[in-house]
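Biologist: I have the sequence and the fold open side by side. Could we go through a few of the labels together, and could you tell me what stands behind each one?

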Amino acid sequence: MATASARRRLREQPIGATIALTIVGYALVFGTFLLDLPIYPDLTPDQVTMFTHAIAVINAVTTVFIVAGWYWIRVGEVEKHRKAMISAFAFIVLFLVTYLTRVGGGDGEKQIVAPALETLAYQIMLGIHIILSIVAVPVVLYALILGLTHTPSELRNTSHAKIGRIAAASWVVSLVLGVVTYLLLNHVYTYEFAIVVAPLI
């Protein structure tokens, strides 16, 4: 009964639910960055690196699910699309937990050691990745809420398809850039640890 009531509220007020969930998500992230929350385990540099590798794998898997979901909706496989996008969202929640644990439990940030031009390219890609990650949150949540609370026929009368395209595009670009910057930082070039307030990758 409670589940049906919650679903009905989400269905009737998708924008309000999107705003509320977005605020919660932003609060978790910025709270972890700006406050010394005593909820994370202390991580060694080696453990921070392990979490970084795990985050890259999660992002790569999420990208595969999004691209598959995008393909399946274009060929009319609605149920496969739905499962792929729900799976992608589940992995992004896993990413959030892993990322916040790494940020909240680590004492340092990896900073790339590379020639000036490559460092600039890395920083630009990292900046775009971070901006798109922030911007994608509300559109992804809105598309997801619509998809979970409406039938396929009902979705035709909503903005799900339009918002979904924006969400998927921004999400994929952000994830791909995240993986690329991970590869540059951890495998193509080298890095050094620096003690900072807000680790980024």
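Biologist: Leaving aside its neighbours within four places in sequence, which residues is N59 in contact with?

Modeller: Happy to start there, with the reminder that this is a predicted model. N59 is in contact with F95, L175 and V179, once neighbours within four places in sequence are left aside. A contact here means heavy atoms within 4.5 Å. N59 itself is found in helix α3.

Biologist: Why is N59 called buried?

Modeller: Buried means under 20% relative accessible area. N59 has a relative accessible area of 4%, so it counts as buried.

Biologist: And how far is N59 from I163, in sequence and in space?

Modeller: The two are 104 residues apart in sequence, and their C-alpha atoms are 21 Å apart in space.

Biologist: T62 is also found in helix α3. What makes T62 buried?

Modeller: The relative accessible area of T62 is 0%. The cut-off is under 20%, therefore T62 is buried. Beyond the neighbours within four places in sequence, T62 is in contact with A88, F91, I92, W171 and L175.

Biologist: Which residues does W171 touch, not counting those up to four places away in sequence?

Modeller: W171 touches T62, I66, A88, F89, I92 and V140.

Biologist: I134 is in helix α5. Why is I134 called partly exposed?

Modeller: Exposed means over 50% and buried means under 20%, with partly exposed in between. I134 has a relative accessible area of 37%, so it is partly exposed.

Biologist: Now the pockets. How do you know where empty space is left?

Modeller: Rolling a probe the size of a water molecule over the atoms shows it. The largest pocket has a volume of about 1100 Å³. Its lining has 44 residues, with V29, F95, L96, S133 and V137 lying nearest its centre. The elements giving two or more residues to that lining are α2 (14-34), α3 (45-74), α4 (78-105), α5 (116-149) and α7 (160-188). Of these, α5 gives the most, with 13 residues.

Biologist: How do the residues of that lining divide into nonpolar, polar and charged?

Modeller: In the largest pocket, 34 are nonpolar, nine are polar and one is charged.

Biologist: And what is the volume of the second largest pocket?

Modeller: About 740 Å³ of space lies in the second largest pocket. It is lined by 28 residues, and I73, H81, L155, H160 and A161 are the closest to its centre. Two or more lining residues come from each of α3, α4, α5, α6 (152-155) and α7. This lining divides into 17 nonpolar, six polar and five charged residues.

Biologist: Last topic: where does UniProt place the feature "transmembrane region"?

Modeller: The unreviewed UniProt entry places it at residues 15-35, 50-72, 84-101, 121-145 and 166-185. In the model, residues 50-72 are 100% helix and 0% strand, with the end C-alpha atoms 33 Å apart. Residues 166-185 are likewise 100% helix and 0% strand, and their end C-alpha atoms lie 28 Å apart.

Biologist: Which residues does H187 touch, not counting residues up to four places away in sequence?

Modeller: H187, whose place is in helix α7, touches H53 and Y182. H187 and K162 are 25 residues apart in sequence, and 37 Å apart from C-alpha to C-alpha.

Methods. Residues numbered from 1 in each chain as written. Predicted model: local features only at pLDDT ≥ 70, side-chain atom pairs only at ≥ 80, totals over all residues. Heavy atoms only, no water. UniProt positions renumbered as here; feature names shortened; annotations may be inferred. Helix = DSSP H or I, 4+ residues; strand = E, 2+ residues; numbered from the N terminus. 1 Å grid on protein atoms, 1.4 Å probe; cavity = no way out; pocket = protein on both sides within 12 Å on 5 of 7 lines; lining within 4 Å. Points joined across faces, edges and corners; volume = space filled by probe spheres on them. Nonpolar A, V, L, I, M, F, W, Y, C, P; charged D, E, K, R; others polar. Buried < 20%, exposed > 50% of the residue type's maximum accessible area, 1.4 Å probe, protein only.
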